[in-house]
Amino acid sequence: MGSIGPVTANPYPWPYDGAADTARTALLCIDWQTDFCGPGGYVDAMGYDIGLTRAGLPATARLLEHARSLGMLVVHTREGHDPQLSDLPANKRWRSARIGAEIGAAGPAGRILVRGEPGWEIVPEVAPVAGEVIIDKPGKGAFYATNLDLVLRTRGITHLILTGITTDVCVHTTMREANDRGYECLILSDCTGATDKANHDAALHMVTMQGGVFGCVTTSDDVIAATAK
């Protein structure tokens with residue numbers, strides 16, 4: 001075990017309390033699923049450029065190996081719905097159908113955003129290894145209708161480093177939820193991505209407002225450079 005920080009970040013050196021014990025820090029890998037960054041998945045079916053959502057994969061893979069070498073808690077999340085779609089809100093299903101990628105419908109990667117389907121699985125580049133936590137969520141935020149908060153508090157986690165997709169939706173929602181629960185959050189600009197570059201940039205900018213209203217923004221290189229073993 002070791003410590004991370006202070007990390008060069010915007011708008012303040014992260015974390016606010018000077019350094020984060022790696023035993024009390026978790027790496028969140030949010031929704032790195034085929035449905036969001038693979039061919040034939042949900043994002044691809046909507047007609048967006050999956051090159052944008054895949055952009056953060058190389059840096060995330062490097063950081064993931066770094067976190068594992070430190071013995072940090074790694075948490076992966078997957079968004080998806082029960083095969084019976086019993087947990088799928090009607091308005092969410094309606095919106096997805098309206099843009100040609102109805103949740104639950106058959107697609108090249110199986111039924112779209114349904115648990116157990118190929119598209120729901122995490123891509124190989126950042127796939128979980130034995131012992132890592134996997135949180136299955138029905139919504140955008142990783143704290144909603146899941147046991148994530150219980151898992152983190154049971155492990156004594158106080159600081160979170162966020163990677164994943166998409167920056168402006170699931171990652172940002174999770175960061176906001178975590179901030180409200182008192183976690184000290186750091187989002188990585190090179191380990192995230194969105195279906196629109198402007199949305200990615202705007203989401204990162206929002207974090208830095210009001211002195212770091214949700215936490216801080218930095219890169220994986222800066223985190224690695226600020227790690228003491």
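**Reading strands and rings in a predicted model**

A: Strands are DSSP runs of E, at least two residues, and helices are runs of H or I, at least four, both numbered from the N terminus. Two strands pair if DSSP finds at least two bridges between them. This is a predicted model: local features need pLDDT of at least 70, side-chain atom pairs count only at pLDDT 80 or more, and totals for chains, interfaces and linings use all residues. Residues are numbered from 1 along each chain as its sequence is written, and side-chain values use heavy atoms, leaving out hydrogens and water.

Q: Which residue stands opposite Ile165 in S9?

A: Gly193 does.

Q: In what order do the strands of the open sheet come?

A: The order of its 6 strands is S7-S4-S3-S8-S9-S10, with parallel pairing. S7 (133-137) and S10 (216-218) each have a single partner strand, so one side of each lacks a neighbour in the sheet.

Q: How many aromatic pairs does the whole structure hold?

A: Rings of Phe, Tyr and Trp (its six-membered ring) pair if their centres lie within 6.5 Å; planes under 30 degrees apart are stacked, over 60 edge-to-face, the rest tilted. The search finds 2 pairs. Phe36 and Tyr42 have centres 6.2 Å apart and planes at 75°, so they are edge-to-face. Phe143 and Tyr183 are tilted, at 6.0 Å and 35°.

Q: Is Ser220 buried or exposed?

A: Buried means under 20% relative accessible area, exposed over 50%, partly exposed in between (1.4 Å probe, protein chains only). Ser220 has 1%, so it is buried.
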